[in-house]
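Here's a quick tour of one hairpin and a handful of charged pairs. Have the model open while you read.

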Amino acid sequence: MDDNSFLQVKDLKTHFSIEKGLLFRRQVGSVKAVDGVSLTLARGEILGLVGESGCGKSTLGRSILQLVKQKSGSVTLDGKELTAITGKSLRSSRADFQMIFQDPYASLNPRMTIYDTLSEALQSHKEIPSSEVSAAVGSLMTKVGLSPRFMRKYPHEFSGGQRQRIAIARALAVEPKLIVADEPVSALDVSIQSQIINLLAKLSREMDLTLIFISHDLSVVKHISDRIAVMYLGNIVEIGPAEEVFHNPLHPYTKALVSAIPVPDPKKEKERKRILLSGDPPSPINPPVGCAFHPRCPHVEEECKKARPELEPFNGKSQAACVRLQALNTNSI
Amino acid sequence: MPLLDVRNLRTYFHTRGGITRAVDGVSFHVDKGETLGIVGESGSGKSVTCYSMMGLIPQPPGRIEGGEAIFGGTDLLSCSDEELRSIRGRRVAMIFQDPMTSLNPFMRVEDQLIEPLMIHQDISKADAIKRAIESLEEVGVPEAEKRIRSYPHEFSGGMRQRVMIAMALITKPELLIADEPTTALDVTVQAQILELIANLQKERGMAVVLISHDLGVVAGAADRIMVMYSGKVVETGETESVFYNPRHPYNRALQKSIPSLQQKGEELYTIPGMPPDPTQIVEGCAFAPRCEFADEACKSGLYELKASASEHATSCKRTQNKEIILTPNANG
Ligand SMILES: Nc1ncnc2c1ncn2[C@@H]1O[C@H](COP(=O)(O)OP(=O)(O)OP(=O)(O)O)[C@@H](O)[C@H]1O
Ligand SMILES: Nc1ncnc2c1ncn2[C@@H]1O[C@H](COP(=O)(O)OP(=O)(O)OP(=O)(O)O)[C@@H](O)[C@H]1O
Ligand SMILES: [Mg+2]
Ligand SMILES: [Mg+2]
């Protein structure tokens with residue numbers, strides 16, 4: 001593996017135990033939310049992370065940021081193994097990585113003005129003379145496209161998009177090197193989505209910020225990402241350059257995902273051929289044996305039910321985890 | 001007679017910072033079995049419109065200043081709490097933008113699902129649980145029998161959304177109000193859920209009000225579309241007409257902003273300027289300050305929806321007077 005990589009995730013597993021019983025709680029099973037993910041990101045790279053609800057995107061993001069403890073595997077950020085440090089030294093590293101959540105309503109304290117929220121974040125990171133706090137808050141607000149004259153307002157006085165900008169400003173206050181944005185635009189309308197995407201792209205460029213952008217919407221992720229990783233039931237099943245994944249999907253799940261993107265055109269939308277997946281989404285408690293996608297896969301064969309396929313390169317561009325990778329993609333080009 | 005007929009609804013919030021005219025004279029109707037899509041900018045009053053009809057506006061600071069919402073002969077805005085309760089959750093159900101606002105974090109999903117059945121219907125607990133499991137299966141929650149015993153936080157965001165949809169549909173409502181029902185879901189599941197809603201609609205003749213910021217979703221699901229801006233309806237018409245012959249510049253700008261229609265690498269198109277401050281009374285058309293077609297006349301006067309022969313209405317005077325003709329976007 002490449003030693004210059006900025007973020008390195010190795011065989012990361014995060015499981016949640018399911019317990020039963022009121023008095024004597026015993027473990028009856030576990031949710032394998034993240035089940036052996038490996039990833040490498042360069043500094044300043046933007047990775048889009050997509051996949052079905054419940055596939056483990058948020059858990060992967062939270063595990064990388066050490067907001068939830070992994071079962072095994074390692075996360076190394078800028079040469080420091082986050083999974084090996086704890087307590088105080090982990091806390092002091094926290095400024096290096098920040099998370100932005102889907103719901104800007106819930107993640108901001110409703111009783112704090114924007115000034116309070118941002119000055120608290122700034123001062124937690126470094127000492128600022130009190131005479132300069134206001135200017136620092138103002139410049140942070142300008143950076144995310146908010147007018148500093150709104151400084152004394154409360155979150156509920158802002159629109160969803162503006163609140164998301166405040167959340168982004170708060171994340172930037174501690175000058176992080178890595179940001180995990182968990183569905184940062186899913187609750188916003190299209191025009192404001194685009195503003196936030198433009199903003200994140202610009203900030204990442206200007207500040208050399210490494211960004212993991214989680215979304216269930218491939219068409220949103222395509223715009224901002226250098227690479228896209230597609231997750232299915234705790235694993236990455238495909239990863240490659242954004243355009244490649246979008247226009248030339250390799251894994252049958254990615255193909256279905258791309259085909260299901262709604263087209264904002266009523267006639268086309270009614271005629272569109274979707275690959276409709278049959279069957280229920282699998283349970284992360286009892287994942288299917290072999291390829292986790294096989295019960296819903298239109299191309300399933302006996303060998304798919306045997307062992308879990310590993311990511312393998314294809315085309316020199318993307319990687320996908322499918323036993324039939326060659327067979328399914330060679331003649332269709 | 002339409003199933004739901006809303007006339008001149010006005011809902012304001014009286015806050016420290018002034019009066020927010022969240023919904024300011026909104027009229028629309030929904031027929032049995034049809035889907036009305038509502039689109040519009042964040043803060044334009046889509047949710048408040050629906051909350052008002054459901055009696056869910058926090059008062060104070062909110063107040064329904066006027067209007068009516070006639071559902072099956074009853075005015076939801078002026079009827080007694082008791083009447084409203086018997087309609088809400090049984091004949092009219094709502095799916096919320098944020099699943100956590102309608103799911104109780106301290107109650108097992110099972111108890112929450114059977115609650116509306118136990119309140120509104122004469123049914124034994126065992127039968128109610130059976131129905132609850134069925135409705136979870138219908139919306140594609142795997143291992144429903146086991147997972148029904150879980151608490152909301154034990155589900156992923158998308159699964160919680162399905163639980164909420166199951167809860168809304170369990171009483172077989174005549175009208176379903178779905179506020180961004182699939183925002184949290186990936187497209188393959190979104191496709192399944194929309195299909196599920198469409199099927200139930202066909203089977204039961206259920207009407208749907210679908211709020212979504214995803215024009216793709218609305219394009220596929222809605223029979224008619226209503227476009228809101230700053231507390232008002234600025235355009236309404238049949239889906240194809242609204243897409244192919246936009247009659248309000250905001251609608252056109254909204255379509256132009258769709259990310260999937262734009263090239264990678266370019267900065268995404270965004271509507272210039274900022275949405276209006278909802279506490280300020282705007283003279284003239286509220287969109288005028290951001291509108292590339294606005295002229296001096298747009299900055300004064302009253303703006304009202306006017307329909308052309310095709311029932312495709314716009315509040316834009318310049319389109320009404322045929323001073324401008326909006327071209328559809330390049331995707332057609
Ligand atoms: N605290 C927890 N306790 C138990 N199970 C959990 C917990 N958090 C997540 N899970 C489970 O782990 C799996 C992955 O959840 P996660 O939230 O990471 O999915 P996701 O891909 O982010 O989904 P979504 O798109 O719906 O947000 C799900 O099955 C979920 O139910
Ligand atoms: N409880 C409240 N107190 C004060 N103002 C409110 C309250 N609820 C809503 N508003 C205001 O009413 C207006 C309309 O809000 P609404 O939630 O209906 O917008 P929306 O169109 O649903 O937007 P979104 O797409 O972001 O969900 C906004 O200006 C909002 O700030
Ligand atoms: Mg998530
Ligand atoms: Mg809303």
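A:Thr76 sits across from A:Glu81 of strand E5 in chain A. The strands in question are E4 (residues 72-77) and E5 (residues 80-81) of chain A, which pair in the antiparallel sense over 2 bridges. For the bookkeeping, two strands pair if DSSP finds at least two bridges between them, while helices (H or I, at least four residues) and strands (E, at least two) are DSSP runs numbered from the N terminus. The E4(A)-E5(A) hairpin has 2 residues between the strands, and A:Asp78 takes a positive phi near 50° there.

A word on provenance: this is a predicted model, where local features need pLDDT of at least 70 and side-chain atom pairs count only at pLDDT 80 or more, though totals for chains, interfaces and linings use all residues. Residues are numbered from 1 along each chain as its sequence is written, chains are lettered from A and ligands numbered from 1 in the order in which they are written, and side-chain values use heavy atoms, with hydrogens and water left out.

On to the charges. Side chains of opposite charge can pair when their charged atoms come close. A salt bridge here is a side-chain nitrogen of Lys or Arg within 4 Å of a carboxyl oxygen of Asp or Glu, and the structure holds 23 of them over all chains.

| Pair | N to O distance |
|---|---|
| A:Lys177 and A:Asp96 | 3.5 Å |
| A:Arg324 and A:Glu301 | 3.5 Å |
| B:Lys232 and B:Asp24 | 3.4 Å |

What do A:Lys177 and A:Asp96 tie together? A:Lys177 lies in the loop between helix H6 (160-172) and strand E7 (178-182) of chain A, and A:Asp96 in the loop between helix H2 (87-93) and strand E6 (97-100), so the pair joins parts 81 residues apart in sequence.

A:Lys177 is partly exposed at 28%.

In chain B, B:Lys232 in strand E10 (residues 232-238) and B:Asp24 in strand E2 (residues 18-30) are 208 residues apart. B:Lys232 counts as partly exposed at 34%, and B:Asp24 is buried at 17%.

Note on methods. Buried means under 20% relative accessible area, exposed over 50%, partly exposed in between (1.4 Å probe, protein chains only).
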